[in-house]
Amino acid sequence: MPDEGCLPPVLADPLPRRLSVGVDVGGVLVGGPAPVVVQSMTNTDTADVDGTVAQVAALARAGSEIVRITVDRDESAAAVPKVRERLDRLGVTVPLVGDFHYIGHKLLTDHPACAEALAKYRINPGNVGFKDKKDRQFVQIVETAIRYDKPVRIGVNWGSLDQDLLTRLMDENSRSPEPLSARAVMREAIIQSALMSAELAEETGLAREKIILSAKVSNVQDLIAVYRDLARRSNHSLHLGLTEAGMGTKGIVASSAAMGILLQEGIGDTIRVSLTPEPGGDRTREVQVAQELLQTMGFRQFVPVVAACPGCGRTTSTVFQELAETIQNDIRINMPVWREKYPGVEALSVAVMGCIVNGPGESKHADIGISLPGTGESPAAPVFVDGKKVATLRGPAIAADFQLMVADYIERRFGAGAPAAASSPAAAAE
Ligand code: SF4
């Protein structure tokens, strides 16, 4: 047993943020002193202007601070300025990023209005062109970025890794007296592809303040290793994301595990959670997950937190689950209005607990919390506000009364006016 007096104190904070060069993406700063930015990507055909505008607007309203759209052919490049114009008319100012593969150099040259309307160009160095065309076409995109004063993201993806580079590194490795594993060589190829492309962009004349790097793989441990190494070897602003994360809980857990560890180490300036939506599923889920990841780790506050216990054999009723869900949904629906009406409301914490075991304690820690009666407890639900018990709710309207109390608390604490506390059901119920 070590002498506990000698142990260093355990910190409850992330490591200091890695110092990166900030990049202005259409008015949103990525890196430097800026908080970690949430971004997302549409899955509409960009040539479908109506569909793309609707989805970009939905992603922006959900909280996406940058939205990427596919620009894969002439029709989509021609649609980009129309999408931008329509969004501006709707008051949706979110910067648009163009995702280019194979013919980005040509599309950006042939469609100057597209080049102008986009706030950033994403270039994948693995498929910008092959053999002697590779550098030439890459440089052509970079020169367009310089001409229009736009930043780029050099986005390496292991699924489209530069095969010439990978083959060369594999050959060198096989001749080494102490060869690395094929996985380690693949990671090195990803990092080198990003760094060499950034070097070429800078040699072409693009400032480092205009370059963001990403290096995505689909395996959690590889992603962590790649970004740790990339962060060590450059000071470029970094876009984090696990590629092909997958559907539902698998995608959420994998992305959160990988990015959570990197963010804790101070690595990452913007994140995207690449979830495969269920057929007909809501694309904004990826924004919600990204926000919750940043909020739950204490990096940013986007929406009030609702703490709810998981429930167990001590509470067989579903009242507390329904109430927690209702409160959570209420918050999500109302947030666009609340953000304007109640500045700072995102700092609110609400607790909805299932029984007396942890209910009162957890509720006291929240700004406002309710401890519902568990099995065998008297049918009364104490409500705590700012750590003090202020009411005991009873009867079939407990859920509705508590909702009113939450609304009243928000108005009193964050609203411009200050309605009398006596209007709260708390006073009536106590
Ligand atoms: S607070 Fe009560 S109902 Fe909720 S998990 Fe704990 S013991 Fe179970």
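**Exercise 1. Contacts along the chain**

Task: Among contacts between residues at least 6 apart in sequence, find what percentage join residues at least 24 apart.

Solution: 
- Take the contacts in the protein between residues at least 6 apart in sequence.
- Of these, 66% join residues at least 24 apart.
- The model behind this value is predicted.
- The protein has 14 helices and 17 strands.
- Its C-alpha trace spans about 80 × 65 × 35 Å along the principal axes.
- Of the 430 residues, 51% count as buried.

**Exercise 2. The span of helix 9**

Task: Work out what length helix 9 (residues 248-264) should span, and compare it with its end C-alpha atoms.

Solution: 
- Helix 9 has 17 residues.
- The expected span is 1.5 Å times one less than the number of residues.
- For helix 9 that gives 24 Å.
- The end C-alpha atoms are 24 Å apart, so the two values agree.
- Look just past the helix. There G266 takes a positive phi of about 85°.

**Exercise 3. The covered residues of helix 9**

Task: Name buried residues of helix 9, then list elements that cover them.

Solution: 
- Buried residues in helix 9 include G248, G251, I252, A254 and S255.
- Further along, A258, M259, G260, L262 and L263 are buried too.
- Helices 8 (220-233) and 10 (285-296) are among the elements that cover these residues.
- The cover also includes strand 9 (237-240), strand 10 (246-247), strand 11 (270-271) and strand 12 (275-276).

**Exercise 4. The setting of S363**

Task: Decide whether S363 is buried or exposed, and find its contacts.

Solution: 
- Locate the residue. S363 lies in helix 12 (residues 359-365).
- Buried means under 20% relative accessible area.
- S363 has a relative accessible area of 0%, so S363 is buried.
- Check its side chain. A polar atom there lies 2.7 Å from the backbone oxygen of G359.
- Leave out residues up to four places away in sequence. S363 then touches A351, M353, G369, I370, S371 and F384.

**Exercise 5. Cysteines and the ligand**

Task: Count the disulfides, compare C6 with C355, and describe the ligand shell.

Solution: 
- A disulfide is a covalent bond between the sulfur atoms of two cysteines.
- The structure holds 0 disulfides.
- C6 has a relative accessible area of 60%, so C6 is exposed.
- C355 has 8%, so C355 is buried.
- C355 is one of the residues around the ligand.
- Sort the shell by type: 6 nonpolar, 4 polar and 1 charged.

Note on methods:
Residues are numbered from 1 along each chain as its sequence is written. This is a predicted model: local features need pLDDT of at least 70, side-chain atom pairs count only at pLDDT 80 or more; totals for chains, interfaces and linings use all residues. Side-chain values use heavy atoms; hydrogens and water are left out. Helices (H or I, at least four residues) and strands (E, at least two) are DSSP runs, numbered from the N terminus. Buried means under 20% relative accessible area, exposed over 50%, partly exposed in between (1.4 Å probe, protein chains only). A polar contact is a pair of N or O atoms within 3.5 Å; within protein, one must be able to donate a hydrogen and the other to accept it, and residues adjacent in sequence count only if both atoms are side-chain atoms. Contact means heavy atoms within 4.5 Å. A disulfide is a pair of cysteine sulfur atoms within 2.5 Å. A residue is near a molecule or strand if one of its heavy atoms lies within 4 Å of it. Ala, Val, Leu, Ile, Met, Phe, Trp, Tyr, Cys and Pro count as nonpolar, Asp, Glu, Lys and Arg as charged, and the others, Gly among them, as polar.
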